[in-house]
Amino acid sequence: MLFKKKEKPLVAHTVEKCPSCKKETKRKFKEGDMVLAQSSECAACKVPTRISKIFGEPIE
């Protein structure tokens with residue numbers, strides 16, 4: 001018998017990393033996000049962050 005594993009739908013997330021204080025923040029993916037692109041400003045040290053990771057998490 002062959003069973004087909006059901007794939008769960010994914011929600012895309014983006015991780016931003018501050019180059020100064022190394023703090024990472026996770027948020028929902030926005031269209032136009034690219035790895036290594038500059039993103040929002042760090043809340044702690046006011047330096048522009050860079051996108052370090054884009055990944056998907058299954059919806060529970």
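Reader: Let's start with Lys22. Is Lys22 buried or exposed?

Author: Lys22 is exposed, because its relative accessible area is 53% and the cut-off for exposed is over 50%. Keep in mind that this is a predicted model.

Reader: Where is Lys22 found?

Author: Look in the loop between strand 1 (10–17) and strand 2; Lys22 is there.

Reader: And what should I make of its backbone? What is the phi of Lys22?

Author: General idea to begin with: most residues other than glycine have a negative phi. Lys22 has a positive one, near 65 degrees, and is not a glycine.

Reader: Which residues make the nonpolar surface patch?

Author: Phe29, Val35, Leu36 and Ile54 make it, and the patch covers about 360 Å². Phe29 sits in the loop between strand 2 (24–28) and strand 3 (38–41). Phe29 is only partly exposed, so here you read a relative accessible area of 36%. That still lets Phe29 into the patch, because the patch cut-off is over 30%.

Reader: On to the sheet, then. How do I read the strand order?

Author: The general idea is that strands of a sheet pair through backbone hydrogen bonds, either parallel or antiparallel. In this case there are four strands in an open sheet, the order is 2-1-4-3 and the pairing is antiparallel.

Reader: Which are the edge strands?

Author: Strand 2 and strand 3, each of which pairs on one side only. Ignoring direction, neighbouring strands of this sheet are turned against each other by 45 degrees on average.

Reader: Let's zoom in on strand 3 and strand 4. How many bridges do they pair over?

Author: Two bridges, in the antiparallel sense, with strand 4 running over residues 48–58. Gln38 has Arg50 in strand 4 as its bridge partner, and Glu41 stands opposite Pro48 in strand 4.

Reader: How many residues lie between strand 3 and strand 4 in the hairpin?

Author: Six residues. While you're in that turn, check Lys46: its phi is positive, about 60 degrees.

Key:
Residues numbered from 1 in each chain as written. Predicted model: local features only at pLDDT ≥ 70, side-chain atom pairs only at ≥ 80, totals over all residues. Heavy atoms only, no water. Patch = residues over 30% accessible without salt bridge, like charges linked within 9 Å, V, L, I, M, F, W, Y side chains within 5 Å. Areas by Shrake-Rupley, 256 points an atom, 1.4 Å probe, with all protein chains shown as cover. Salt bridge = Lys/Arg side-chain N within 4 Å of Asp/Glu carboxyl O. Buried < 20%, exposed > 50% of the residue type's maximum accessible area, 1.4 Å probe, protein only. Pairing = 2+ DSSP bridges. Axes fitted to C-alpha atoms, helices over the stretch in contact; angles between N-to-C directions.
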